[in-house]
Structure formats: structure tokens, C-alpha cells
Amino acid sequence: MAGKPKLYYFNGRGRMETIRWLLAAAGVEFEEQFCETREDLLKLRQDGYLLFQQVPMVEIDGMKMVQTRAILNYIAGKHSLYGKDLKERALIDMYVEATMDLNEIIMHHPLQPPEAKAKHLASIIEKATTRYFPVYEKALKDHGQDFLVGNRFSRADVQLLETILMAEECKPDILSKFPVLQAFKARISNIPTIKKFLQPGSQKKPPLDAKLLPKVMSIFNI
Ligand SMILES: N[C@@H](CCC(=O)N[C@@H](CS[C@H](CC=O)c1ccccc1)C(=O)NCC(=O)O)C(=O)O
């Protein structure tokens, strides 16, 4: 039996956070090795650990996996979080590609220059409340089931919850017009593996703060 997955990234959310969420939701314990400096990243490259010279990289089942979506797809498939057939997987893919689009905008907010922050925040709120959340609200309302797809817990539920919480960090009352999503958030947060991940002291990371920003910029030369 292979050991625990090992995650290589900086000590923050970025592109690795959704992978942490999915492993935690699946009840899979994992280890982390943090890139604290650019030298740490360069060493991983020199040691041939990074297929495209980038992180996230996850050592899992004898593989050194890179590319966030590929890693997420593997974990979801391995832990039966990817629907029961091709059509359920197609719907799950549509839902999670959209949550990752919104996540992408939110995760780059701390990297915006000060003069662009207000406009960028407004665009996050506008996209979340007009393009994305109405779709999930309607889907859950129309089928009246507990989960987004196939009346069964899947990565779509995990990734939507992660995105809802990130959006609430941007605007605490962002779900005020989405009562079904409010109930969904409470229900999925109560799933034991997720409830544990939401407890203080878990491997869930805080938002990228001003203190960490210079370190991220130097590690990745941005
Ligand atoms: N397709 C791939 C892309 C993976 C990727 O962009 N990795 C980056 C670090 S994450 C990024 C750092 C700043 O842009 C960040 C950090 C914080 C928030 C958002 C992104 C990297 O390794 N940059 C070194 C280089 O590209 O030379 C995948 O989905 O996995």
C-alpha cells in the first residue's frame, strides 16, 4: 500500500488549496513540503521532480503528479468522487471548471496592485452573484437533492463549498440572495471529513496576506 500523498508547494493556498480540500474530503491524510525560498523551487527542478518546472506537485501512488486539474481528476476518480458514469462526470466537469474559473479570479486578488483592488473585488462579486451562484442555486432547487450531481457526494460539492467560502471572505453576505446555497453550505460543511478540515489547526490554509505576498513573488519571480 503506497504511503501518504506528499504535496509540494508554498505554505499558502494558491493552486494547491483545492487539492488539499479534495484529499481531506476523501478522508486521505497527506504530508506537505513547502517551498520557502526560490532556491527550494529551483532544487525541485534540478532534482527532476517537476515535469514542467512548476508546482503544485503531488507525490501519490508512485507518481510525481503535476498540473492541478490532472491531480484533481486522479484523486476524484480514485476516491469515487467523480460520478457514476460519463454523463455525471461531464456535468461534474462543467460545474467544477466554473468553480475553478471563479477561484482563479479570487486567488489572484491579493496579487492585484492597490489601485486595481476595488475594481477587481467588484468584478469578483459581480461574476459570483450573476454568472456562477445562480446556476448552482437553480440546479439544487430544481432537483431538490442534497448534492449537485447524481444525488451523491462528489468533487463538485467539495469544490463549490470551497469557492463559496472564498467568495464569503470577499463579501460576507454574498449568499444573501441564495437561500438554497446557504443550506447547501451548512449541509456539506457538516460532512465529517469536511467538518474536520474546517476546524482550526487543519492543513487548510488562510487567505494570502500582505506578509506572505513578497515571499510568493520572490519564489516564483513575479
Ligand atoms: N497549469 C499549471 C500552472 C501551475 C503554476 O502556475 N504554478 C506556479 C506557482 S502557483 C502561482 C504562482 C504565481 O503565479 C500562484 C500563486 C498564488 C496564486 C495563484 C497562482 C509556478 O510554478 N510558477 C513558476 C513558473 O511557472 O516558472 C497547474 O495548473 O498546475
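The model is a predicted one, so some care goes into what gets counted: local features need pLDDT of at least 70, side-chain atom pairs count only at pLDDT 80 or more, and totals for chains, interfaces and linings use all residues. Residues are numbered from 1 along each chain as its sequence is written, and side-chain values use heavy atoms, with hydrogens and water left out.

The ligand comes first. It is surrounded by 14 residues, and Arg45, Gln54, Val55, Gln67 and Thr68 are the closest of them (to be near, a residue needs a heavy atom within 4 Å of the molecule). Sorted by class, this shell holds 7 nonpolar, 5 polar and 2 charged residues. Here Ala, Val, Leu, Ile, Met, Phe, Trp, Tyr, Cys and Pro count as nonpolar, Asp, Glu, Lys and Arg as charged, and the others, Gly among them, as polar.

Some polar contacts (pairs of N or O atoms within 3.5 Å) show up as well. In the side chain of Gln54, an N or O atom is 2.9 Å from an oxygen atom of the ligand. For Thr68, a side-chain N or O atom is also found 2.9 Å from a ligand oxygen, while a polar side-chain atom of Arg15 lies 3.3 Å from an oxygen atom of the ligand. On its own the ligand would expose 670 Å², and the protein buries 79% of that (areas by the Shrake-Rupley method with a 1.4 Å probe).

Now for the pockets. A pocket is an open set of points on a 1 Å grid over the protein atoms alone, with protein on both sides within 12 Å along at least five of seven lines; lining residues have an atom within 4 Å of a point. The ligand takes up the space of the largest pocket (more than half of its atoms lie within 2 Å of the grid points). This pocket has a volume of about 900 Å³, the volume being the space filled by probe spheres set on the points. It is lined by 40 residues, with Tyr9, Gly14, Arg15, Met107 and His108 closest to the centre. Helix 4 gives the largest share of that lining, 6 residues (helices are DSSP runs of H or I, at least four residues). By class, the lining splits into 21 nonpolar, 10 polar and 9 charged residues.

The second largest pocket has a volume of about 240 Å³. Its lining includes Ala24, Phe30 and Lys196, and helix 8 (residues 192–197) supplies the largest share, 3 residues.

Technical notes:
A polar contact is a pair of N or O atoms within 3.5 Å; within protein, one must be able to donate a hydrogen and the other to accept it, and residues adjacent in sequence count only if both atoms are side-chain atoms. On a 1 Å grid over the protein atoms alone, a cavity is a set of points where a 1.4 Å probe fits but cannot get out, and a pocket is an open set with protein on both sides within 12 Å along at least five of seven lines; lining residues have an atom within 4 Å of a point. Helices (H or I, at least four residues) and strands (E, at least two) are DSSP runs, numbered from the N terminus.
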